[in-house]
Amino acid sequence: MKRRPALPRWHTFGTGRRAVVSFRDAGGAEHLIALEEAREIRFESCLPSRVIPHRQGQRHTPGDYWSATTGRLVGYESWLESKWMTLLDFDPDVVAFSAQPMTLYGIDTDGSWEHTPDMFVRRADDSVLVLDVKNPTKTADPDVIVQAERTRWVCERLGWDYGLFAEPDPQLWKNVSWLAGFRRPPLAGIEYLPQILSLAERPAPFADICTFIDVTELARPVLLHLCWCQDIVFDLTVPLCDSTIVRVRDDRPAYHVVASVTPPSPDTHRARSVLTYKKVPMSKPHRLATGQWIQFCDQQYQVVGFTDTCTRIRARTGRNSELVMTSVLLAECILTPESGQEPATPVHGGIATDAAGTGCGEDEDQIVFGGWDDGALWDDIAHADRAAAQEMEAHLLEATTGFRSGTCDLAQPDEPRPQYLPSLPVHQRMQTKATELGYTRRRLWQLLAAYREHGVTELIDGRKLKGRNPLSRLDPRIVAAVLDQAAMEESESTGTMTRFRRRVQNRVDATHGPGAVTLPSQSTFRRALEPLLSGRYTFSSAKTRQTNTTRPGTPLAHVTAYRPGEIVMIDTSRLDVIAYDPVLDETYSCEITVAIDLYTRSLLAWRITPLGTKGIDIGLLVSDAMTPEPMRPGWKDALRFAYLRMPLKRQLSIDERFAAAAARPVIYPETILVDQGKPYKSEVMRRACNSLGISYPLARKGKPTDKPEVEAVFNTIRSQFSQHVAGYKGSDVASRGRDPQAQSRWTITELEEFFAEYVVAVYQRRWHKGLTVPGHPGHVLSPNEAYAFGIQQAGFVTCPTDPTMYFRLLPVEWRQITSHGVQLGNLHYDDANGALAELAMVKPPYPNLSGRASSDAWPIRYDPRNLLHAYIHNPLRDEWVQLRWTHALDEHQPFTDNTLREMIKFIGPRHDRRALEIEVAAALADLQNRTDAPETWTATDRRRAVRDAERARAAARDRQRAVATTTVPTHDRSAPLHAVPALPEGSLADNTIDLDDIDLSQVSAAKVWRHKPQER
């Protein structure tokens, strides 16, 4: 993003309350305008004015929502914002909306301020609604209220509506979120639309309308899409079910997003906010100092340093320090009441301590609890202690009622005794009982009050309930040093107790001076570490300790899906099988990328690639999930798609590929949840989701618990597939065999075939304990059965069948067509049939939206897995043309972008691009020729050759699925090496050779070179 222009001086805008607006237009240029000029700006088409942050430790989940209203992805900062985007998308009066398209700068009596509203909405009548979405727990925050009042003042000046929104109505959201799964126009069943509208002219139950349609599985998605468009409406305040009455909409829609009329008054909530929050918000100027503790992103951090514009903070958990802009920190952090001190009452190992680490309460031996289960405590105490408490209860009842049982109905023969007659005053009876028991009158009244408030458990001897604090005699400075040192070692290699004790001593010496604090003996120190480091795994496996660090402090939240395709998770992990390349006689590691449907737990698609999965692999994986898996030769008929208990004839009318498909669900994803890896955040993945209408949220950094289902499926693959394959290397070094490379025998292609058979024959048919029939938790389903059950509930959503999807997902570069062809990077591409010469005479029909240097540029697409070819779309014939690198010789093998960078780095910088390209071609040919000779192989050459060959194979497979017009000239391609030489002239080449004339005993075996590990 470009640097934001400096704000002008406020006196140029007059005096009093003032504001200006900053925004970025569709081309990315930044503008700063006066407030009155903002009325004429179409902010719904502007780019976001700020970058949504992605930092480790944040609580909210950013992502992109695909809007059916705008037809594109719209970024959001939290799940709550995505809910309101869905409701805006559901509102028929909304014609466009965008996220954070402008930033407001203002000044008033409290000083200058800055705010970026969450959403800008344009209605059909050209009116505007500005939204701010806040967590319900923060709507009463004084700073939030002041910010909302300032934004409302700006909107009123511009004639816009403004609203501060929190959580939507739960029942409304359930209905709208279900309908949102059908916001994309249906690809099948459109012919039933007039019939459905005719049936809904009169109010009728939802299920009855579907019953009157021939294909119920296709009619249900069409009817739900009409409900999403509000062409057919129903009562949104009640759950949507088969008995819900639906009807054709009249003039009034069923739902509108309406802004609130008046925000809460700051004065009304200020006093309550002070009592509610335990920390003091930074609503006034404060000074940050090194060592100060703050509350930031719902976590505790300590300020450890400063730069010119940023502040370095370290989490209490001891992770690596983070660098945060000071302006962001001051706007969002919360100071602790004790300036410069650690937050009060942290809990270490289940024992409550104060800031210094000592025990809380008057008695240091007493463990302080917030409360306990009185019934369990009463059942667990000894019989003698329980009898003593019951005896004291009888004494109190006799003193207050005259009867030991508390009632005259259960009076004993000698009750009431004369000194405890009910007619006597209570204070007299209490004095008599105190004298009888040997208590003071005050103590007896205290016991009576405790008994009346909490029951008989308060009469138990307190000495029996006192716990022991093992840290009571330990110096609190040592406790603090142990906790700090344990936090620092969470990311380090595991050490021994001796090293840890030495480091703790060094820490206390550096903090309090040499000799000021002496550690206890080795055995006492070891006993003290047990409660302090419980659950930290300080002296256990480093992997376990680091995994434990990423666990959230709160219970795991479950992401729930209610229909197939609602949430699809994609992730990549190492495949614990070593692959083998028989051509290069090389073994190499690989990784597997899978897509799993959350509702059915089905494996929709998978790809096994060498290490370094690219964005194009992830983008095409989405296309694989919507493509039927073909049957392989030798597979049983029970593995066919027809055995999914779905009407096959109806599916054949939609896509004839189902006739030869295997029993693997074909699902159109609505939302794809991925992590923060580079391939998942690539432009290819974003373009794939945008073109297919798929929302695109991102899991939080360092939070694998955001998508536990896909993480768990890798364990299933390891236990059910990987460990049974030759070449299994174990999940880590500790479980690895002596030489797993010697056992590897399968190529990546063969591993993919084996894995496909495992998925179709085993995984999809096994019962999954997480899949049950609603209302019948004991009835466990398999992924295929869950898919069939989901189709009955939500209908069958047809997947798009675009044969050119491969080309549309490739990375694009805008280049001009010259007489030499097209230059892409340092390579020139051309075609043999003159397609580029034809396009060179035509002006490109593409508008220059991003402000490119030349408006005569054409979009050129390339596959980074094979740079021998590039592709361009010919709009004159509506076909894709394949281009070839002009310097590619016949013996050139496919090569990747990584290989190209290695060649350019090896050659060095050149000023002449033509000379550089010629040298690249020569170096590439030399490299590939050298790899044909086994005696010259190096480990780098073997890895590069295997990587390029496997990625070229994957690129060729994807290209074969696409329908393209290739204009590659015909070459007489011959392999660099010939296993059998050609017969000389005059030989028996044209004659038939009798096999009986061959003496097999005279034939020597061919030499096969394979590296053997040295004997140890």
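Y846 is partly exposed, with a relative accessible area of 27%. Partly exposed is the band between two cut-offs: buried means under 20% relative accessible area and exposed means over 50%, using a 1.4 Å probe and protein chains only. The model is predicted, so local features need pLDDT of at least 70 and side-chain atom pairs count only at pLDDT 80 or more, while totals for chains, interfaces and linings use all residues. Residues are numbered from 1 along each chain as its sequence is written, and side-chain values use heavy atoms, with hydrogens and water left out.

Start with the whole chain. Of its 1016 residues, 46% count as buried. The protein chain holds 29 helices and 35 strands. Both are DSSP runs numbered from the N terminus: helices are H or I with at least four residues, strands are E with at least two. The chain exposes about 52600 Å², and carbon and sulfur atoms supply 52% of that area. Accessible areas come from the Shrake-Rupley method with a 1.4 Å probe; for residues, only the protein chains shown count as cover. Now take contacts, meaning heavy atoms within 4.5 Å. Among those between residues at least 6 apart in sequence, 65% join residues at least 24 apart.

Next, the aromatic rings. The structure holds 23 aromatic pairs. Rings of Phe, Tyr and Trp (its six-membered ring) pair if their centres lie within 6.5 Å; planes under 30 degrees apart count as stacked, over 60 as edge-to-face and the rest as tilted.

W814 and Y846 form another pair. Their ring centres are 5.6 Å apart and their planes meet at 80°, so this pair is edge-to-face. W814 sits in strand β29 (residues 812-815), and Y846 in the loop between α26 (835-840) and β32 (858-863), so the pair ties together parts 32 residues apart in sequence. W814 is partly exposed, at 29% relative accessibility. Ring pairs also build a cluster from W606, F721, F755, Y758 and Y763.

Charges can meet rings as well. A charge sits over a ring if NZ of Lys or CZ of Arg is within 6 Å of the ring centre and within 35 degrees of the ring normal. R184 lies over the face of Y668, 3.6 Å from the ring centre. The charged end of R563 sits over the ring of W178, 5.0 Å from its centre.

Now follow a helix. Helix α21 (residues 708-720) has 13 residues and reaches 18 Å from its first C-alpha to its last, close to the 18 Å expected. The expected span is 1.5 Å times one less than the number of residues. Which residues of α21 are buried? They are E709, V710, V713, F714 and I717. Seen down the axis of α21, these fall within an arc of 150°, so they line one face of the helix. The arc is that of the directions from the helix axis to the C-beta atoms. An α-helix has 3.6 residues a turn, so residues three or four places apart point the same way. The buried residues of α21 pack against β22 (568-581), β23 (586-597), β24 (603-610) and α23 (748-761).

Helix α10 (residues 383-401) has 19 residues and should span 27 Å; its end C-alpha atoms are 26 Å apart, which agrees. Its buried residues include R386, M392 and H395. Just after α10, G402 takes a positive phi of about 90°. P416 lies in the loop between α10 and α11 (426-437). The peptide bond from E415 to P416 is cis, with omega near -5°.

Finish with the loops. P520 lies between α15 (497-512) and α16 (522-532). Leaving aside neighbours within four places in sequence, P520 is in contact with L474, I478, R501 and F525. Y537, in the loop between α16 and α17 (542-549), has a positive phi near 55° without being a glycine. R601 also is not a glycine, yet its phi is positive, about 60°. Is R601 buried or exposed? At 16% relative accessibility, R601 counts as buried.
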